[in-house]
2 protein chains.
Amino acid sequence: MALDIPFYTAEAQGPYDLVSIGRFELEEGGVIPDLQLAVATFGTLAEDKNNAILIPTWFSGTHATWAQAYIGPGRALDPERYFIVVVNQIGNGLSTSPHNADDPSIAMSKFPHVRIGDDVRAQEQLLREHFGIERLALVVGGSMGAQQTWEWAVRFPDKVVRAAPIAGTAQNTPHDFLFTRTLLDAITSDPGFNGGEYAAPTDVIAGLHRHADIWATMGLTTDFWKTEFWRGIPPLVEGMQFETYDDFQNGFVRLLFGLMDPNALLTMGWKWQRGDVARNADGDLAAALGRITARMFVMPIEQDMFFPPRDCAAEQKLTPGSELRVLHSIAGHFGLFGFEQSYLDEVDANLGELLATT
Amino acid sequence: MALDIPFYTAEAQGPYDLVSIGRFELEEGGVIPDLQLAVATFGTLAEDKNNAILIPTWFSGTHATWAQAYIGPGRALDPERYFIVVVNQIGNGLSTSPHNADDPSIAMSKFPHVRIGDDVRAQEQLLREHFGIERLALVVGGSMGAQQTWEWAVRFPDKVVRAAPIAGTAQNTPHDFLFTRTLLDAITSDPGFNGGEYAAPTDVIAGLHRHADIWATMGLTTDFWKTEFWRGIPPLVEGMQFETYDDFQNGFVRLLFGLMDPNALLTMGWKWQRGDVARNADGDLAAALGRITARMFVMPIEQDMFFPPRDCAAEQKLTPGSELRVLHSIAGHFGLFGFEQSYLDEVDANLGELLATT
């Protein structure tokens, strides 16, 4: 039943463990009979279990970028000091997802709707039952990982000591909903998508490429393209050369998104569109954010075109114990990939300062 | 042969004249056997013919918005002082276009590639031969109209006394090329498009709607949607009510673009992607802009997501006799529609000041 997609393997993404948390009931009413979370850990859990850091993943992403660009000895996310747990979000292709669900009741197009709150509840259960972790020194995530970070801080205020949502909001904006729809419609409008019942992701390659093209204009920035910043980005395939921006778009952005599973992207996109901590407070955003007790740095990226600093600043102002720390990347939202040392240094400086607070 | 599309009529767009300038050879090698330009004029040409203002149109637009929102007694574009000529760009649905071409050699999918330079040459010929105008007191246009304005100032420096490109660049950026491609691919990927040989635009309505959805996220802004600015925008259809942002997207943005001709949008989009005054100077942008003698106000819109002020400012710096005048609209690029009195007042103040210079 399950599709064999090379992108969703330890070979491609780096090592991880699949941890079952059993039958999992979803907020929208669906059920995942055996929810398996793909978990990558770094460092050692202290005896008092107070050195745990949780990192939830972003749309289309896995633990890989965190492992490669953000976590390391001497960094703010230092595995020699912290026990760092990266949990791949439900439906991302590594955790239980449409293409890898053994249970035919949730395979492919039958995969149920999952919400940000589901991920956060699943992660809380995982940390408690599997690792015995009751408090997190830090939750940090980018984009949809930021959505989950906000949700953690609102839903489990007693468990989150510090939080750092990077380039993402607590309540998704209408613009973001509409933007995400363009991404998803690029896929579903491909006749090869066949209502989610394709034989292989390559049947949907035209849709995946249109999806990637929209990312290129909204995920990246005019400056990224104008300055040919892509010339300094290592290719995904060794030896590949980029002579023109179209080479980079074809050989990097389209190539990357073309490796992914359409149903996984749709599952994550549906979830992203509906991220909203106000669901925890009868729709009252200020009330929801007012529950936060974590020490929080809200960290938008200056040139981000769909999670712009002004949207993040508006939420930060409603959040007690928070500060706005604007990051800078010529790549805009895709700055999250960590293309620039200066951006990574900014992240490290902020996370280091946040972790030093008591 | 020609398709009957109600959007491209004087009833929908307001009065205009069709003026033939005869056989027209295009820069890309194609020929329009009988190029007819749709021209709307306001005011009276002075005897010395020195009070003429030219306005070229933007992507998907016609003379209508200029007539309704920008031109009027007491305004900067005052028909009691100036003879204002709005020329609909080639392929926009009113001037000679794929759907209205009588000649089968250029009908529908056979319509030739047209460049910004073709429009400008055609307009120069029209003004000279039809109106006897040799000098323009002002060329002003928005978006693709700004591209044509820049091209005028570079190509015919002796004929342009003043110029005001609003929300558009002299040299299209890579980001803009990629963005425009997403707009065009949304249309061409619709099976109903049929390589441009559809029986009616409604065959391509799904593609036109995806096209409109991309506009909603890049043409408008996060603030526009977040503040529900759309509640104050008059509906296109009398009595239509917008309760939610999706109502507005469906009932305004999708409705508007759904009235248009797919091949017309593709003709304009191809042209937009390749706008570049540097073609007049062997690819040297600085040299091309250095030829400008017009007094020029370069007027980007602050929140514009694909013609951002920084891209316009970079060109302004290369342009002698120019100043940067940043406009402000919560609607971003679509501020061009003139939704806000404050934006229109800014435009009027700047154009008034520019027209007062000698």
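**Entry 1: terms and model**

I take buried to mean under 20% relative accessible area, exposed to mean over 50%, and partly exposed to mean anything in between. I keep in mind throughout that this is a predicted model. By that cut-off I put A:Arg121, at 26% relative accessibility, among the partly exposed residues.

**Entry 2: a salt bridge within chain A**

I looked up the partner of A:Arg121 and found that its side chain meets that of A:Glu27 in a salt bridge, with 3.8 Å from N to O. A:Arg121 sits in helix 3 (residues 116–131) of chain A, while A:Glu27 belongs to the loop between strand 2 (24–25) and strand 3 (31–32) of that chain, so the pair ties together parts that are 94 residues apart in sequence. A:Glu27 is also partly exposed, its relative accessible area being 28%.

**Entry 3: a pair in chain B, and a network**

For the whole structure, over all chains, I note 42 salt bridges. One that I looked up in chain B joins the side chains of B:Arg231 and B:Glu228, at 2.7 Å from N to O. B:Arg231 is partly exposed with a relative accessible area of 47%, and B:Glu228 counts as partly exposed at 34%. I then returned to chain A, where salt bridges with shared partners link A:Glu27, A:Asp118, A:Arg121, A:Glu151, A:Arg155 and A:Arg279 into one network.

**Entry 4: where the chains meet**

How many residues of chain B are in contact with chain A? I find 33 residues of chain B in contact with 33 residues of chain A, and an area of about 3,000 Å² buried between the two chains, of which carbon and sulfur atoms give 62%. Between chain B and chain A I record 8 salt bridges, and the rule finds 12 residue pairs in polar contact across this interface, both residues being at pLDDT 80 or more. On the side of chain B that touches chain A, the elements giving two or more residues are helix 5 (174–188), helix 6 (205–218), helix 7 (222–226), helix 8 (245–258) and helix 11 (309–317) of chain B. Helix 5 of chain B supplies the largest share, 8 residues. Sorted by class, this side of chain B has 14 nonpolar, 9 polar and 10 charged residues.

I looked up B:Arg310 and found a salt bridge to A:Asp223, with the closest N and O atoms 2.9 Å apart. This pair crosses between chains, from helix 11 of chain B to helix 7 (residues 222–226) of chain A. B:Arg310 counts as partly exposed at 37% relative accessibility, whereas A:Asp223 is buried at 16%. I also find A:Arg310 in a salt bridge with B:Asp223, where the closest N and O atoms are 2.9 Å apart.

**Entry 5: strand 6 of chain B**

Are the residues of strand 6 (residues 83–87) of chain B buried or exposed? I note that 5 of its 5 residues are buried. B:Phe83, B:Val85 and B:Val87 point one way from the strand, and B:Ile84 and B:Val86 point the other way. In a regular strand the side chains alternate between the two faces of the sheet. Strand 4 (residues 36–42) of chain B runs antiparallel to strand 6 of chain B and is joined to it by 4 bridges, with B:Val85 as the bridge partner of B:Thr41. Strand 5 (residues 52–56) of chain B runs parallel to strand 6 of chain B, with 5 bridges between them, and here B:Ile53 stands opposite B:Ile84.

Notes:
Residues are numbered from 1 along each chain as its sequence is written. Chains are lettered from A and ligands numbered from 1 in the order in which they are written. This is a predicted model: local features need pLDDT of at least 70, side-chain atom pairs count only at pLDDT 80 or more; totals for chains, interfaces and linings use all residues. Side-chain values use heavy atoms; hydrogens and water are left out. Contact means heavy atoms within 4.5 Å. Buried area is the accessible area (1.4 Å probe) that two parts lose on being put together, summed over both. A salt bridge is a side-chain nitrogen of Lys or Arg within 4 Å of a carboxyl oxygen of Asp or Glu. A polar contact is a pair of N or O atoms within 3.5 Å; within protein, one must be able to donate a hydrogen and the other to accept it, and residues adjacent in sequence count only if both atoms are side-chain atoms. Ala, Val, Leu, Ile, Met, Phe, Trp, Tyr, Cys and Pro count as nonpolar, Asp, Glu, Lys and Arg as charged, and the others, Gly among them, as polar. Buried means under 20% relative accessible area, exposed over 50%, partly exposed in between (1.4 Å probe, protein chains only). Two strands pair if DSSP finds at least two bridges between them.
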